Amino acid sequence: MFNKLLLIAILLTGSIYAKDSFSSERFLGIEAGYSTIKATSVIEKTTEKKGIELGFRVGAKNEKWRTTISAHYFDKRGQSYFRTMLQFDRFVWSSLYETDNIIFKPYIGAHIGWVNYTNKLNQATDGFIYGGQAGITWNVLQEVDFEFGYRYSLSDVSHVNDISGFVFGVNYLY
């Protein structure tokens, strides 16, 4: 666990110091979503839990691309997970609709990361997670973006089938 946290700290530090090399906006954000986790029990019974997922993210974006490192937490009646992800998004239209300084940008992307899943019996397992996302961002102030999207993830964790959900986020651009 310490090695994974150290790796995340190194990636975050590297992205902050690399800011002079790229012509992009950096951002910090928080997100909340309504997620569904589908898991298989020891007796091969599939269960589905729905609940609130909370997250934090840091990243950079330009007119066409966005790269994000994020962490998310979910806990609902004996099933919980913590996941970290590296996400790559491509803005489909840079300026689909523009009025009164509000800019809408639809995006589509992919992610890869790590997940720690704990079930009712307090059995924890780790593994990789990967998937895709799509959504829309809109810039309401020069320093603030709002975002609404859908994320779908598959995992190689033995009892987790998939994780999906709708996400609402707020990003501070600096």
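A residue is called buried under 20% relative accessible area, exposed over 50% and partly exposed in between, with a 1.4 Å probe and protein chains only. By this rule Leu154, with a relative accessible area of 30%, is partly exposed. This is a predicted model, in which local features need pLDDT of at least 70 and side-chain atom pairs count only at pLDDT 80 or more, while totals for chains, interfaces and linings use all residues. Residues are numbered from 1 along each chain as its sequence is written, and side-chain values use heavy atoms, with hydrogens and water left out.

The secondary structure comprises 1 helix and 9 strands, where helices (H or I, at least four residues) and strands (E, at least two) are DSSP runs numbered from the N terminus. The order of the elements from the N terminus is α-β-β-β-β-β-β-β-β-β. Of the 174 residues in the protein, 38% are buried. Among contacts with a separation of 6 or more, 55% join residues 24 or more positions apart; a contact means heavy atoms within 4.5 Å.

The charged side chains may be considered next. A salt bridge is a side-chain nitrogen of Lys or Arg within 4 Å of a carboxyl oxygen of Asp or Glu, and the count comes to 10. Arg57 takes part in a salt bridge with Glu31 (3.4 Å, N to O). Glu31 lies in strand S1 (residues 25–40) and Arg57 in strand S2 (residues 46–61), so this pair ties together parts 26 residues apart in sequence. Arg57 also meets Glu147 in a salt bridge, at 3.0 Å from N to O. Because Glu147 belongs to strand S8 and Arg57 to strand S2, the parts tied together here are 90 residues apart in sequence. Glu147 counts as buried at 5% relative accessibility, and Arg57 does so at 1%.

A further salt bridge joins Arg66 and Asp89, whose closest N and O atoms are 2.8 Å apart. Arg66 is in strand S3 (residues 65–76) and Asp89 in strand S4, 23 residues apart. Arg66 is buried at 3% relative accessibility, as is Asp89 at 1%. Salt bridges link Glu31, Glu53, Arg57, Arg66, Arg83, Asp89, Glu147 and Arg151 in a network. Arg66 also lies over the face of Tyr107, 4.6 Å from the ring centre; a charge sits over a ring if NZ of Lys or CZ of Arg is within 6 Å of the ring centre and within 35 degrees of the ring normal.

Aromatic pairs are rings of Phe, Tyr and Trp (its six-membered ring) with centres within 6.5 Å; planes under 30 degrees apart count as stacked, over 60 as edge-to-face and the rest as tilted. The structure holds 8 such pairs. Phe82 and Trp114 form an edge-to-face pair, because their ring centres are 6.1 Å apart and their planes stand at 70 degrees. Phe82 lies in strand S4 (residues 79–91) and Trp114 in strand S6 (residues 102–118). Trp114 is buried at 13% relative accessible area, whereas Phe82 is partly exposed at 26%. Phe146 and Phe168 are stacked, at 5.9 Å centre to centre and 20 degrees between the planes.
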